[in-house]
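Please read the following report alongside the sequence and the model. It moves from the overall make-up to a few selected elements.

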Amino acid sequence: MNDRQVNPRLSRAIAQGVGELQRGRARIDDQDALGVSVLVEHRSDHSPEALRSVLGGDHDRVAEHVATVPAVNATTTVLAYHALGTHGAPPRGTPLHNAFVSTEAFEAQMAFLARHREVVSLDAITQGVGRDGRKSVSITFDDAYRSVLTLAVPVLERYRLAATVFVPTMWIGQRNGWDPPSSAPLEIMTHEELLELRDRGFQVASHGHAHIDLGRASPAEVEHDVAASARCLTEILGSPPRHFAYPYGKSSEAARQAVARAGFDLAFALDRGTERPSRLAVPRTPIYPRDRRWLYGMKASGRYRQIRYWPPLRGGYDLLRPLIRGRRS
Ligand SMILES: [Zn+2]
């Protein structure tokens, strides 16, 4: 990357951001300040002088300023995981690689949440929680892979953390048949395992029925898929599911309507910045195997999402991303 090219754009993005930030009054904790600071600091690997000129000599000041922007206020963050463990994880560069978080990383992440965040159930996020000024976080898993039961649940129980598992009901007890045949085969929990999960205090919710892209399916297909999944889960659990996560994080107006008609309270998307956040498209932040500690801290603060999609800082982040990616081991 060419510093001469990048510097003015980054400089402009940050200067613009800082101007906005100074008008805010929110506070930030050290962990997040560190995250933002490190994010910006990545520039220094290439050119400490350029960094200093961009940040006016003191990159901590930028972290401080970022802390005060209203748009990056702490809100409840909903984290989205998929599978756990490295056994059977496809290699880097293949489609499902990003779905796996190692057990070690997950353990460290849960220890971080137990210590620095208030972990709440999805029911609680609508109730404006967040005692003691700690940021609240909800933990979710898409696809109901068996590895969640065998590897994630024991860790969650040890730290007494709530979590929700979204299951695509047509694939219960089978494998991820919605992925291309060349993908890694991953086992989905059975009926019995879903009940066990519920009995151990975790929430089981809907990820649609056939795991189709509800953002592109016809209104009739959408209606059928959402209703089938609600029916299936009601049969298994004995009560109607309350929460829904769109496969691939994608929805359409028809999908959101169908989800509301089927009686779901909240429906979850993924952070792609494509839909307007609402009760029927609550954004979630996906966790990837490459997320290092500081990035995880930011993601679990709600700030990553805000910074990522907040126009004044977006330009800066886009420029930093290749550096961040390039540096991971
Ligand atoms: Zn899925």
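## Basis and overall make-up

The model is a predicted one, in which local features need pLDDT of at least 70 and side-chain atom pairs count only at pLDDT 80 or more, while totals for chains, interfaces and linings use all residues. Residues are numbered from 1 along each chain as its sequence is written.

The protein has 13 helices and 10 strands, where helices (H or I, at least four residues) and strands (E, at least two) are DSSP runs numbered from the N terminus. Of its 329 residues, 43% count as buried, a residue being buried if 20 or more other C-beta atoms, placed from the backbone, lie within 10 Å of its own. Among the contacts in the protein with a separation of 6 or more, 64% come from residues 24 or more positions apart, a contact being a pair of residues whose C-beta atoms, placed from the backbone, lie within 7 Å.

## Strands β5, β6 and β7

Strand β6 (residues 164-167) is parallel to β7 and joined to it by 4 bridges, and strand β5 (residues 136-142) also pairs with β6 in the parallel sense, over 3 bridges; pairing requires that DSSP finds at least two bridges between two strands. Thr 164 stands opposite Gln 203 in β7, whereas Val 165 of β6 is the bridge partner of Phe 141.

Both faces of β6 are covered, with Thr 164 and Phe 166 buried on one side and Val 165 and Val 167 buried on the other. In strand β7 (residues 203-206), Gln 203 and Ala 205 point one way and Val 204 and Ser 206 the other way, and all are buried.

## Val 119 in β4

Val 119 lies in strand β4 (residues 118-119) and is buried, because 21 other C-beta atoms lie within 10 Å. Not counting residues up to four places away in sequence, Val 119 touches Leu 113, Val 137, Ile 139, Leu 161 and Ala 162. Val 119 and Ser 138 are 19 residues apart in sequence, with a C-alpha to C-alpha distance of 5.6 Å.

## Helices α5 and α7

The axes of helix α5 (residues 103-116) and helix α7 (residues 146-159) come within 10 Å and cross at roughly 25°, which means that α5 is roughly parallel to α7, a term for angles under 35 degrees. These axes are lines fitted to C-alpha atoms over the stretch in contact, and angles run from 0 to 180 degrees between N-to-C directions.

In this contact, residues of α5 including Phe 106 and Met 110 meet residues of α7 including Leu 151 and Val 155. The residues of the contact of α5 with α7 divide into 9 nonpolar, 1 polar and 1 charged, where Ala, Val, Leu, Ile, Met, Phe, Trp, Tyr, Cys and Pro count as nonpolar, Asp, Glu, Lys and Arg as charged, and the others, Gly among them, as polar.

Terms used
Angles under 35 degrees count as roughly parallel, over 145 as roughly antiparallel, 65 to 115 as roughly perpendicular and the rest as oblique. Two residues are in contact if their C-beta atoms, placed from the backbone, lie within 7 Å. A residue is buried if 20 or more other C-beta atoms lie within 10 Å of its own, exposed if 12 or fewer, and partly exposed in between; C-beta atoms are placed from the backbone.
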